[in-house]
Amino acid sequence: MMNIFDFNKKKAAGEKLTMVTCYDYTSAQLVNKSEIDCILVGDSLAMTMHGFPSTVHATVDMMAMHTAAVARGAKDKFIVGDLPFLAYRKSLTENVNAVQAIMQAGAHAVKLEGASGNTGFIQHLADSGVPVMGHIGLTPQFVHLLGGYHVQGKTDESAKRLMEEAYALQQAGCFSLVLECVPTELATQITKELKVATIGIGAGPNTDGQVLVFQDLLGLNTDFKPKFVKKFMNGADLVTAALDDYHNAVTTGAFPDAEHSFGSKKLAKTA
Ligand code: KIV
């Protein structure tokens with residue numbers, strides 16, 4: 001299993017890092033068998049697993065429960081657990097309790113969104129033995145403040161702000177940063193300037209690594225088609241076809257057949 005130092009080792013060696021979100025035991029077993037470097041139990045689970053309209057609906061209990069399921073299935077992977085909406089904007093005790101719940105559920109690091117107001121807490125976590133991944137650019141927990149899901153850092157002013165946030169998070173002790181939906185040139189510059197590894201999603205080809213949502217890359221989510229997602233299989237069609245095959249086999253009497261049924265000695269007549 002990789003550890004936080006491997007993020008920087010890979011960056012230094014020019015080797016790309018691969019990360020995928022994962023939320024449940026069965027999927028975690030599949031990711032565990034793959035060559036993917038690490039797993040994010042993202043708060044996107046509020047949408048992909050629970051059908052909510054945004055990540056604002058994720059809670060610490062949800063995050064801890066899904067992290068525990070993933071940790072049981074992916075014993076060989078480095079797991080980052082998201083701190084959900086507002087869970088790190090309360091009292092120090094409540095913030096630390098949220099982190100404790102996610103780390104004790106099986107995460108090896110936590111991720112939180114934004115820099116402003118978070119650097120003191122990140123420093124506190126780093127001093128307490130908790131590795132922190134930062135997340136800037138399009139930060140979905142800010143969807144209502146951002147007025148929707150838009151590419152960030154397009155103007156000189158917002159690009160400068162993102163660069164400052166990246167430096168602030170590195171300085172606070174983040175071992176790595178997610179850059180979400182930022183122009184390629186800006187992501188490239190942040191990646192070049194920072195010592196810590198950057199993981200992109202909608203940030204172009206030059207970040208130190210990439211992350212995608214499990215359901216998106218497997219084409220399971222037919223409603224969501226952002227520019228940055230590539231479907232590596234057409235999962236929705238494959239799964240629906242298999243379900244229809246099953247339905248047809250049952251309704252035509254082709255399944256269950258003898259091969260899938262249990263034999264027994266002939267029963268004696270009961271009457
Ligand atoms: O929750 C999530 O899936 C994420 C990734 C999109 C980076 O934060």
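How many aromatic pairs does the count come to by the ring-centre rule? The count comes to four aromatic pairs, where rings of Phe, Tyr and Trp (its six-membered ring) pair if their centres lie within 6.5 Å. The views below show a predicted model, in which local features need pLDDT of at least 70, side-chain atom pairs count only at pLDDT 80 or more, and totals for chains, interfaces and linings use all residues. Residues are numbered from 1 along each chain as its sequence is written, and side-chain values use heavy atoms, with hydrogens and water left out.

**View 1. The F78 and F175 rings.** These two rings have centres 6.1 Å apart and planes at 80 degrees, so the pair is edge-to-face (planes under 30 degrees apart are stacked, over 60 edge-to-face, the rest tilted). F78 belongs to strand β3 (residues 78–82), and F175 to the loop between α8 (156–172) and β6 (176–180), so this pair links parts of the chain 97 residues apart. Helices (H or I, at least four residues) and strands (E, at least two) are DSSP runs, numbered from the N terminus.

View 2. A polar side-chain atom of S44 is 2.5 Å from a ligand oxygen. For K111, a side-chain N or O atom lies 2.9 Å from an oxygen atom of the ligand, and for D82 that distance is 3.2 Å.

**View 3. The shell around the ligand.** Among its 13 residues, G42, D43, S44, D82 and K111 come nearest (near is a heavy atom within 4 Å).

Conventions. A polar contact is a pair of N or O atoms within 3.5 Å; within protein, one must be able to donate a hydrogen and the other to accept it, and residues adjacent in sequence count only if both atoms are side-chain atoms.
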